[in-house]
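Here is a short briefing to read with the structure open beside you. Take your time and find each part in the viewer as you go.

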Amino acid sequence: MVVTGAGVSAESGIPTFRDPLEGLWAKYDPRELATPEAFARDPETVTRWYDWRRQKCAGAKPNPAHLALAWLGKHFQEQNRCFTLLTQNVDRLHQAAGSRNVVELHGTLWIWRCTRCGIEHEEREVPFKEYPLRCACGGARRPAVVWFGELLPDDAIQNAHDALESCDLFFSIGTSAVVEPAASFLHTARRRGAKTAEINREPTPVSRMADWSLQGSAGEILPGLVQRVFGI
Ligand code: BJW
Ligand code: ZN
């Protein structure tokens with residue numbers, strides 16, 4: 001079982017939540033833009049920020065970390081063994097790398113939902129033509145992502161809990177491990193008897209709890225591990 005965060009996409013050129021924003025966005029803190037309050041107060045700015053991120057993601061390619069995880073998923077499936085990939089990322093780069101059944105804990109920025117009637121549509125074209133986007137019903141549309149204080153999708157939580165029940169090896173990769181509930185998954189896996197490992201550029205609150213804490217870039221460490229364990 002693997003849980004990934006923004007660090008896994010960093011080597012594809014997508015800024016993490018801890019990186020200071022560039023250019024026009026330098027004066028904003030991403031952790032403050034990703035909230036229902038920010039959208040209610042200033043839907044135009046929040047929509048422009050997500051559109052800027054959509055443009056970065058649209059041009060991004062999966063990196064060796066995404067590809068190694070996709071290889072692992074395929075390998076375990078061929079062996080009829082369980083492998084669950086949960087991601088906090090909204091960019092869909094795991095899917096672009098070939099991973100199947102990715103559990104999107106925080107939704108995706110490719111789907112937008114009307115705040116009035118709830119209808120959802122995939123929005124692949126970049127950039128948008130209006131800010132905020134408007135639904136046919138007149139409501140403002142927001143990204144179908146999970147903001148602070150919002151509940152994660154029921155099916156994602158269910159999948160996470162099912163995987164935690166039976167998991168024997170748990171990896172936390174490229175996440176600062178401060179945002180709940182994903183931050184607690186390593187503790188839960190460990191309590192249930194799984195071996196736990198972390199790959200991250202810097203120490204995090206779960207580093208000392210993990211059986212193995214590998215400090216460095218996911219795009220180097222993951223392919224290296226796959227090569228050593230599976231000889232490919
Ligand atoms: C590399 C690298 C490389 C760089 N290789 N590594 C219990 C206690 C206290 C609070 C709460 C609690 N339970 C819930 C809460 C409230 C809240 C929360 O967690 N607050 C904390 C901050 C304390 N959680 C929620 O509100 C969640 N909802 C929920 O739990 O509902 C029930 C509930 C609500 C309220 C109270 C109690 C219960 C929802 C959380 C939604 C988070 N949403 C966001 C935005 C998504 C949309 C978008 O993308 O815009 O999700 S915020 C942001 O953080 C985003 C990320 O998915 C998430 C995690 O960030 P991540 O991925 O870890 O990125 P970074 O940037 O933080 O870290 C990157 C790491 O990579 C760094 O460490 C780098 O070093 C490393 N790195 N390059 C390897 N190449
Ligand atoms: Zn609507």
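Sorted by class, the shell around ligand 1 holds 16 nonpolar, twelve polar and seven charged residues. Keep in mind that this is a predicted model. The points below start with the ligand and then turn to a sheet.

**Around the ligand**
- Ligand 1 is surrounded by 35 residues, and the closest are Arg18, Tyr50, Arg53, Thr175 and Ser176.
- Two helices, helix 1 (7-10) and helix 4 (43-58), each give at least two residues to the shell around ligand 1.
- If you look for the place where ligand 1 sits, you will find it in the second largest pocket.

**Polar contacts with the ligand**
- The side chain of His106 has an N or O atom 2.8 Å from an oxygen atom of ligand 1.
- A polar backbone atom of Gly149 is 2.6 Å from an oxygen atom of ligand 1.
- For Glu150, a backbone N or O atom lies 2.7 Å from a nitrogen atom of ligand 1.
- On its own, ligand 1 has 1500 Å² of accessible area, and the protein covers 77% of this.

- Four strands form an open sheet in the order 5-4-7-6, and their pairing is antiparallel.
- Strand 5 (120-122) and strand 6 (133-134) are at the edges with a single partner strand each, so one side of each has no neighbour in the sheet.
- Strand 4 (residues 107-114) and strand 7 (residues 140-145) run antiparallel and are joined by five bridges.
- Opposite Trp112 you can find Pro143 in strand 7.

Technical notes. Residues numbered from 1 in each chain as written. Chains lettered and ligands numbered in written order. Predicted model: local features only at pLDDT ≥ 70, side-chain atom pairs only at ≥ 80, totals over all residues. Heavy atoms only, no water. Near = heavy atom within 4 Å. Polar contact = N/O pair within 3.5 Å; in protein donor to acceptor, adjacent residues only side chain to side chain. Areas by Shrake-Rupley, 256 points an atom, 1.4 Å probe, with all protein chains shown as cover. 1 Å grid on protein atoms, 1.4 Å probe; cavity = no way out; pocket = protein on both sides within 12 Å on 5 of 7 lines; lining within 4 Å. Sits in = over half its atoms within 2 Å of the grid points. Nonpolar A, V, L, I, M, F, W, Y, C, P; charged D, E, K, R; others polar. Pairing = 2+ DSSP bridges.
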